[in-house]
Amino acid sequence: MRVPYNWLQDYLSETLPPPAELADMLTLAGLEVESIERAGTKIEQVVAAQVKEIKLHPEANHLLVVQVDAGPLGCKQVITSAQNLRPGLKVPLAFPGASLASGEIIEATRFRGLQSDGMLCSASELGFTETDDKQSHGILVLPDTTTLGANVADVLDLGDIVLDLDITPNRADCLSLIGVAREVAAAMGIKLVLPPARVPNDYCIKTPLDISIADPDLCWRYIGAVISNISITSSPTWLKRRLSAAGMRPINSIVDITNYVMLETGQPLHAFDYNKLAQRKIIVRRARPQEVLVTLDGIKRELTEEMLVIADSETAQALAGIMGGLASEITTTTNTVFLESACFASTNIRRTARSLGMHTEASFRYERIVDPEGALFATQRALTLLQELGVGEIKAICDVYPQPILPQEITLNTCRVRKLIGAPVENEFIKKALERLQLSVVPANTDTLKVTIPTFRSDLKQEADLVEEVARLYGFDRIPAAPLMGKIQVGKKPLELKVEQMIKSRLQSCGLDEVQTYSFVNPQSIAKMNLAPSHNNECPIPLLFPLSEEQSVLRTTLTPSLLEVAAINQRRKARSINIFEINRVYLPKKLPLTELPNMPRHLAVVLAGNAGEKSWHNLPPQNDFYRLKGIMETVVDQLGVSGKFVPITLTYYHPGRQAGFEVADHIVATFGELHPNVAEAFGLTDRVYTLELDLSQILPHINLTQRYQSLPRFPGIERDLALIVPESVASAAVMEVIINAAGPYLADIMLFDVYQGAPVPTGYKSLAYSLVFRASDHTLAEEEVSPYMTAILQQAEEKLGASIRH
Amino acid sequence: MEDKLKSLLDTALQVISSSCSQEELDKIRVRFLGRKGELTQILRTMKDISPEERPRIGQMANEIRDRLETELTSQMNKIRHSLREKQLEKERLDVTLPGSTITIGHRHPLTLVLNQIISIFQRMGFDVVECPEVEYDYYNFEALNIPKHHPARDMQDSFYLTEEILLRTHTSPFQARTLEQLAPEVPVRVICPGRCYRRDPADATHSPMFYQTEVLVVDENISFANLKYTLLQFVREMFDEKRQIRLRPSFFPFTEPSAEVDISCLVCGGHGCNLCKGTGWLEVLGCGMVHPRVLEIAGYNPKKVSGFAVGMGPDRIAMLKYGIDDIRLFYENDLRFLHQF
Ligand SMILES: [Zn+2]
């Protein structure tokens, strides 16, 4: 809502504070001022400066070299040919980049070898056309009191100052200058001055007009007025200037007056060419099936029976509350005007405006409820202006108001006001504050007020709404800050969030970077993953109206999003991409959705390129399958989840490099080297490793209790053991055999080497372990361990075909 | 004999002091103090001297032995010391070379801010709860006093999945869900973080997906003054102790009175600059007293209890805190961006 400052002043009994102060006041009253601007002038970056020194240009005797002081903006040198300068005068200085009234942009230039840092401006350059002779050719002289460096547009009050207000949807009453003025009056404690809206009584309802409301549920009030002997002209300058400042384009005197009154009162008005209305009839009704209407913008609209129209005896002539029809538009030949001031049901207007994609100044106001009592005032105001401007003669007014809307009454308990606000607001203050807002207040007893709400404040429905009004006028800044009281309790957090944090910090210490990607993805990215058809990834939930194909379905897996992040970073030359994300995926129980989907949290890891940065001092650490597995292990170890790694066969992994992690017979995570076809599809080069884990599935198996284990009191015996086994034997099987045969003293076992190649025969591999044996109650003797070492060898030979490597 | 011993001492001391390696010292020890060394040689001739002289000469020989041992040890230490010195001198490094690259992981800035918000409220005794991101229209709107065709729905163009199910447009449905679950129990002090979605195409200040955190208190005698105090605590812990706050009346369908909260500008401190568009204030969050209708719908008696709610955007707070000028950076995940946190 654009509010021209000078226009607003018309409706107030006292002088307004300066624009910036007024803006602060409105903002703190809840009408947020987004900007203060000067409309109607192109002058920018022209500031007040004082002449300090004048010298003749050494190379050109008609030019002067002038030093000026622009206060905080510094001293400048300007070359000019003006003759009216003398030291001490304050003059407008345009900096390079400044624009003048003509739209011309100033540049820094040189005059015969001397630099000019700008230009001193004459009155005409600043847009003054009618100035006296002595000023017209020379530089404009500013008042002595002007502050140096001040914006000249402000000093000379060029154009109109406009406050741009962001009105919240509940304050429909403030979509008008009078509404804003009412707020200003309340905040300042001054009087609202309404503009003249007098219509001689003898016109009223003398010649009855043929107006009927067929659908009174959608139209609460309809006032029509007929004005004849119209002369369509251009509006006077003051009116055009105000409309432009408020952001509306002047058109002709009739249309301009309707717009002016709408801006003034918030009541949309519409003017029809009366002679174009069949049988001069007005019927407010729902549109007929297949009815069409060409609106003022020239577009043919196909209407539905849900939509309200203003029709004559034959056809729709306007889309109620939104836009008029082209057929009954005011033209230069219009002789008689029918002026509509009506009140329509907001929900219906909103629905129609949305379904037709039409958003007009009128619909904007109707959607937010227009005051039914204001309709008559607006008509009278418009007719007054028509008379004042001599646009035509009033012939008739007719008001159809089947079910007048009565003001509501709210009971206000002032104790509750104090309790809710938390400040000692006195009864007297409460009463006065509400009265300043033009509510009428009658005390019922000591702490109870009966408050009558005028129809223009339909947003005030109950006590809480009045509490806000009192708090607003009391001033939010005056309300003290008071600590919460009550029992002290520890803030708790769900296990899942704690676990999420634990995993994040573990992965961070593994050198992984956390990413955050959109929950909606391109269905193509799922296809690129080449997922097996049985996989639930196949049926993501689609958005009904996505912004784009790239964001059209809810993801069922995190991995594709991370692969896209990896690809972008690889294109930007990142050499080591080690990323993870923990967020939800969305798995429908049934499509189309009939209930909320499952939304388990997943963890995904993607490793591409090096595992870390290289430098002059170290080679970059490498990523491979086992680093990824190490990351997987450290995550589950930290959470105390026990499970086992099992072979899997998913199509998007390298067929020989993938594994699952199984907990209680469910695979809760899969990881592996990405299949090169998939990597290629995502535009990734090199080998890529990915992991995805379903957090919701491991949650029940988490064990976070930590118990200390006493440190060994006796030394252990260390033995190294290298076994040669056939290539096909899994390392886990070897480990299992060793552990089973190692006896009760085995305290620790670690695989420290895997080797293939000479002298190990082809088709075999060597696995080297270091074993620690220890007893908790005595120092072990060699003889106690040797039998177990023998047993290990024997078992390994029998079960795995292993031999010892010497 | 005495002379011989004296001369041996003199020679030995001279040789010791001029020696410059461990090997040399070992040889010197053998030469003078060894089993076949010079001292032994001299002592062998003891039998040639008078028995009265023997004890004196013997003592003298012992003293010489001790003296030489001491000298040998001290010379040895000297040599070791100087060798080490030399060694160290050789090991001089160019300390201006950069250190080895330590690869550490980085947390996403939104996580950092989100964690901080949660931690501040948890320390004030608020429980953390989560609510579904895919939500029923009922909880997202109706239960929050936003009936169909309410003008406030204009402010939130939403991503619907079906007629009745949508991606939540704010974390506020949690108010309805939590209260419905807890009513009529008090006190309620909870915070709900999470992702929200609106049909805004991405630009520097809008993102179709963003984070929000909602705070809710319901108890007997909760006032606007309590809200103000809690906000002040939060803002000063989140930003710094110097921050001032300013509450402006505003409108949310589920709070009444409602307010927008500004903090004094982080760059200019309130004098006005580009960041705050000259106002000296930066908008950080919205809040208000829980609307009596919302309490009623959930099963509380608004005449007995009251409450306040605060909704804030971690994205916005992170942008202010770190001086980030484009919200899209959060979801683009350029590693050069992420590595700054
Ligand atoms: Zn600032």
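**Notes on the model**

1. Glu496(A), Glu500(A), Lys504(A), Glu514(A), Arg584(A), Arg601(A), Glu130(B) and Glu133(B) are joined in a network of salt bridges. A salt bridge here is a side-chain nitrogen of Lys or Arg within 4 Å of a carboxyl oxygen of Asp or Glu. Over all chains, a search of the whole structure finds 58 salt bridges.

2. Conventions: this is a predicted model, in which local features need pLDDT of at least 70 and side-chain atom pairs count only at pLDDT 80 or more, while totals for chains, interfaces and linings use all residues. Residues are numbered from 1 along each chain as its sequence is written, chains are lettered from A and ligands numbered from 1 in the order in which they are written, and side-chain values use heavy atoms, with hydrogens and water left out.

3. Asp459(A) and Arg171(A) form a salt bridge whose closest N and O atoms are 4.0 Å apart. The pair links distant parts of the chain, 288 residues apart: Asp459(A) is in the loop between strand S24 (448-453) and H13 of chain A, and Arg171(A) in the loop between strand S10 (160-166) and helix H5 (177-188) of chain A. Helices (H or I, at least four residues) and strands (E, at least two) are DSSP runs, numbered from the N terminus. Asp459(A) is buried at 14% relative accessible area, and Arg171(A) is buried at 5%. The classes are buried under 20% relative accessible area, exposed over 50% and partly exposed in between (1.4 Å probe, protein chains only).

4. Two salt bridges join partly exposed residues. Lys589(A) meets Glu595(A) at 3.4 Å, N to O; Lys589(A) is partly exposed at 46% relative accessibility and Glu595(A) is partly exposed at 37%. In chain B, Glu38(B) pairs with Arg31(B), with the closest N and O atoms 3.0 Å apart. Glu38(B) is partly exposed at 31%, as is Arg31(B) at 39%.

5. The structure holds four cavities of 30 Å³ or more. On a 1 Å grid over the protein atoms alone, a cavity is a set of points where a 1.4 Å probe fits but cannot get out, and lining residues have an atom within 4 Å of a point. Grid points are joined across faces, edges and corners, and a volume is the space filled by probe spheres set on the points.

6. The largest cavity contains about 270 Å³ of space. Its lining has 22 residues, of which Leu497(A), Glu500(A), Arg601(A), Leu114(B) and Tyr211(B) lie nearest the centre. At least two lining residues come from each of helix H14 (495-509) and strand S28 (576-584) of chain A, and helix H5 (109-123) and strand S4 (188-197) of chain B. The lining divides into seven nonpolar, six polar and nine charged residues. In this count Ala, Val, Leu, Ile, Met, Phe, Trp, Tyr, Cys and Pro are nonpolar, Asp, Glu, Lys and Arg are charged, and the others, Gly among them, are polar. Glu500(A) and Arg601(A) also belong to the network in point 1.

7. The second largest cavity has a volume of about 80 Å³. Residues lining this cavity include Arg171(A), Glu468(A), Arg472(A), Pro249(B) and Phe251(B). Helix H13 (463-474) of chain A and strand S6 (245-252) of chain B each supply at least two of the lining residues. By class, the lining has three nonpolar, four polar and four charged residues.

8. The whole structure has 26 aromatic pairs over all chains. Rings of Phe, Tyr and Trp (its six-membered ring) pair if their centres lie within 6.5 Å; planes under 30 degrees apart count as stacked, over 60 as edge-to-face and the rest as tilted. Trp7(A) and Tyr260(A) are stacked, because their ring centres are 4.6 Å apart and their planes at 15°. This pair links helix H1 (residues 5-9) and helix H7 (residues 253-265) of chain A, the two residues being 253 apart. Both Trp7(A) and Tyr260(A) are buried.

9. Tyr322(B) and Phe341(B) form an edge-to-face pair, 4.8 Å centre to centre with 70° between the planes. Tyr322(B) is partly exposed at 31%, and Phe341(B) is partly exposed at 22%. Both belong to one aromatic cluster, whose members also include Tyr518(A), Phe520(A) and Phe159(B).

Definitions and conventions
On a 1 Å grid over the protein atoms alone, a cavity is a set of points where a 1.4 Å probe fits but cannot get out, and a pocket is an open set with protein on both sides within 12 Å along at least five of seven lines; lining residues have an atom within 4 Å of a point.
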